[in-house]
Amino acid sequence: MTDVYNFCAGPAMLPAQVMKKAQKELLNWDGLGTSVMEVSHRSSEFKKLAKQADQDLRELMSIPDNYHVLFMHGGGRAQFAAVVNNFLGSNGKALYLTSGQWSQAAAEEAIRLVGPKGVDTIDVTKNEVEPVVKSISIPDFNNMNDEYRYLHFCPNETVDGIEIFDDISSPWPIVADMSSNILSRQIDVSRYAVIYAGAQKNIGPSGLSIVIIRNDMLKLPKLPQASIFNYQMQVESGSMYNTPPTFAWYLAAEVFKWLKQNGGVAQIEENNYKKAELLYDCIDNSNLYVNDVAIENRSWMNVTFKLTKGTLETEFIEQAKNKGLVALKGHRLVGGMRASIYNAMPVKGVQALTKFMVEFEESNTNYSN
Ligand SMILES: *Cc1c(COP(=O)(O)O)cnc(C)c1O
């Protein structure tokens with residue numbers, strides 16, 4: 001079988017090296033003669049794994065000591081609700097910036113839980129009509145007198161392929177949904193009060209969420225909620241209030257080790273920049289492919305594009321698949337194509353894709369609409 005490059009947006013590909021190691025030790029983990037799936041989360045062996053994962057993530061992201069790292073259930077969307085329930089008790093109010101599908105969904109969940117009075121939203125997208133260019137414009141918050149418990153935003157919109165690279169300054173604590181760009185480039189964690197991410201894009205299998213939370217946020221008044229989503233209780237129990245998703249945790253720990261062995265976030269950032277540049281250059285140098293996001297907001301993780309000859313899209317996907325380039329179909333809500341090129345996607349995979357794109361365009365130059 002030829003190499004398959006999987007461009008799925010999530011659950012996404014994991015590093016081959018990690019998957020091979022997991023396979024090798026599937027039936028005999030840590031010399032125990034059992035799988036890591038079959039040992040107690042309270043065993044000394046699993047606790048060692050948990051401690052190492054915490055240390056490795058702290059080192060990779062330079063997480064300051066006044067932050068807790070939690071490994072929780074429920075992926076990204078569980079945190080949409082957890083954030084609200086942990087911070088908006090006693091009639092608290094939050095500000096949500098919307099920039100695409102996911103930040104919109106987070107705002108909707110907040111409104112569902114506390115009603116429209118508890119949530120303000122600001123649409124930070126700008127759409128130039130002719131030609132269509134999507135970009136982001138963050139307002140200056142300093143002259144706003146509102147008392148918000150937090151400002152929520154999503155720095156990388158996975159569906160739309162829009163990323164916010166500039167640091168946001170806010171008089172309120174910043175909560176960021178980094179599900180699809182955590183660990184993809186260096187960030188200053190101390191600028192955020194809370195960072196959360198569903199694991200299945202850049203970290204590991206689905207179902208797990210990582211939450212990085214600053215100490216003082218634990219003191220905010222809470223709403224009644226399931227104990228497993230209570231940040232304070234999860235901090236006190238070391239993310240083991242109930243049985244955590246242990247296999248997902250193990251794979252995440254292996255991905256952290258893989259990142260460390262491969263030069264950490266600084267190196268992966270370089271690779272990611274290179275991959276995105278290759279693909280956007282290919283798009284910009286063609287007459288067949290178009291991307292409608294302003295250059296400064298083009299996502300490094302999710303590259304969206306359409307074919308100017310729309311009738312060729314099915315053929316494009318089919319031929320790509322025959323070349324081992326799979327899962328390129330865009331999100332059902334926006335159509336077109338999407339190549340998700342998370343940390344685990346090697347530069348070689350993007351080179352194979354751009355080579356195919358050039359060939360496909362050449363073989364269709366005589367095509368008329
Ligand atoms: C995938 C994704 C989510 C949702 O994750 P689930 O684990 O499916 O709940 C939320 N936010 C962003 C930015 C995502 O990319």
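Q: In this predicted model, which residue's side chain makes a polar contact with the side chain of glutamate 163?
A: Start with where glutamate 163 sits: strand S9, residues 162-163. From there, its side chain makes a polar contact at 3.3 Å, and the partner is the side chain of asparagine 181.

Q: Which residue's backbone nitrogen lies 2.9 Å from a polar atom of the glutamate 163 side chain?
A: Leaving aside neighbours within four places in sequence, the contacts of glutamate 163 include Glu296, Asn297, Arg298, Ser299, Trp300 and Met301. Among these contacts is the residue we want. The backbone nitrogen at 2.9 Å from that side chain belongs to tryptophan 300.

Q: Is glutamate 163 buried or exposed?
A: The cut-off for buried is under 20% relative accessible area. Glutamate 163 comes in at 0% relative accessibility, so it counts as buried.

Q: How much of the ligand's area does the protein bury?
A: Look at the polar pairs first: an oxygen atom of the ligand is 3.0 Å from a polar backbone atom of glycine 76, and a ligand nitrogen lies 2.6 Å from a polar side-chain atom of aspartate 177. There's also a ligand oxygen 2.8 Å from an N or O atom in the glutamine 200 side chain. Taken alone, the ligand exposes 390 Å², and the share buried by the protein is 86%.

Q: Which helix gives the most residues to the shell around the ligand?
A: The ligand has 13 residues around it, with Arg77, Thr158, Asp177, Gln200 and Lys201 the closest. By class, that shell splits into 3 nonpolar, 7 polar and 3 charged residues. The top contributor, giving 4 residues, spans 75-87: helix H3.

Definitions and conventions
Residues numbered from 1 in each chain as written. Predicted model: local features only at pLDDT ≥ 70, side-chain atom pairs only at ≥ 80, totals over all residues. Heavy atoms only, no water. Helix = DSSP H or I, 4+ residues; strand = E, 2+ residues; numbered from the N terminus. Buried < 20%, exposed > 50% of the residue type's maximum accessible area, 1.4 Å probe, protein only. Polar contact = N/O pair within 3.5 Å; in protein donor to acceptor, adjacent residues only side chain to side chain. Contact = heavy atoms within 4.5 Å. Near = heavy atom within 4 Å. Areas by Shrake-Rupley, 256 points an atom, 1.4 Å probe, with all protein chains shown as cover. Nonpolar A, V, L, I, M, F, W, Y, C, P; charged D, E, K, R; others polar.
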